Amino acid sequence: MTNRSIAGSKSIPFRLIEQKRETNSLVIVLPGAGYTTKAPLLHFATGLFYTKGFDVLHINYTLSREEMSVLSEEDFSRDVQHAIDSAIKNKKYSNYYIVAKSIGTIALSYLLNNTMLKDAKAVWLTPLLQREDVFNAMGNSDHKGLCIIGDRDSCFIEERFEKLKKNQNLILKVVEGGNHSLELDEEPIKSIEILKGVISNINEF
C-alpha cells in the first residue's frame, strides 16, 4: 500500500492498494469534489474490484468551492494523469477499469484519449452531462461504458441522456428518485438498496 504525492501545478495525493501477488489489472478511482473514495459508492466499488484481483488506485484530489469555480479541466486532467503515471511507473498493467464520480468524469473524459487506456472500461457515476466535454466523450467513446445517474440529480438532462442511447458501447441506467449521491432524500433504507443495485451493476459490467 503506497501513499505518495507528486510535484506539479497542483500536487494530487494518491493511494495504491495492491494485491499480495502481482496483478495485471488496475482500477483507477476518480472521486467527486466532496464525494471521497471513502463515501459509500466508491468504498464498496473499491472492495468489489479488490476481491476480483485488481490493484486499486485512489486519486485523492480535494477541491474547495473557490478552486472549483476557476477549475481548468485541462490542468485538472493533466494533474490526474501525472498522479496516475507516478503511482504506476514501475507496474505492468494490461487490464484497466476507471470508476469516476461527478467531477471525476471530467478527468475521465480526457483520460480516455490516453493510448495506455485505449481498452479501459469506464464507469460513469453521476456524470456532469451539462458539460460539453463530458457529454461528447460519453457520446463518442469507443470504450465500453456503464453510466448510472439519478433522475433527481441536477446533472441529469433527459434530452442529453436520450442522445447517449445512440452509443451502443454505453450501458445506461437511471435511478428513480436518485440524487447526486445516488441516494433517495430521507430514505436511508431504500438508499442502501440502491447502493446494492449500483455495486451489482458494476460487478456485472
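I took a salt bridge to be a side-chain nitrogen of Lys or Arg within 4 Å of a carboxyl oxygen of Asp or Glu. By that rule I get 8 salt bridges in what is a predicted model.

**Entry: E73 and R131.** I looked up E73 and found it in a salt bridge with R131, closest N and O atoms 3.3 Å apart. This pair joins distant parts of the chain, with E73 in helix α3 and R131 in the loop between β6 and α5, 58 residues apart.

**Entry: R160 and E132.** Here N to O is 2.4 Å. I noted another link between distant parts of the chain, from R160 in helix α6 to E132 in helix α5, 28 residues apart. R160 has a relative accessible area of 17%, so I count it as buried. E132 is partly exposed at 45%.

**Entry: K118 and D119.** I have this salt bridge at 3.4 Å between the closest N and O atoms. D119 is exposed at 60% relative accessible area, and K118 also counts as exposed, at 57%.

**Entry: the helices.** What does α5 bury? I listed D133, V134, F135, A137 and M138. Those buried residues pack against α3, α4, β6, β7, α6 and β8. For α3, my list of buried residues includes F76, V80, A83, I84 and A87. I also checked the length of α3: its 15 residues should span 21 Å at 1.5 Å a residue, and the end C-alpha atoms are 21 Å apart, so the two agree.

Key: Residues are numbered from 1 along each chain as its sequence is written. This is a predicted model: local features need pLDDT of at least 70, side-chain atom pairs count only at pLDDT 80 or more; totals for chains, interfaces and linings use all residues. Side-chain values use heavy atoms; hydrogens and water are left out. Buried means under 20% relative accessible area, exposed over 50%, partly exposed in between (1.4 Å probe, protein chains only). Helices (H or I, at least four residues) and strands (E, at least two) are DSSP runs, numbered from the N terminus. Contact means heavy atoms within 4.5 Å. The expected span of a helix is 1.5 Å times one less than its number of residues.
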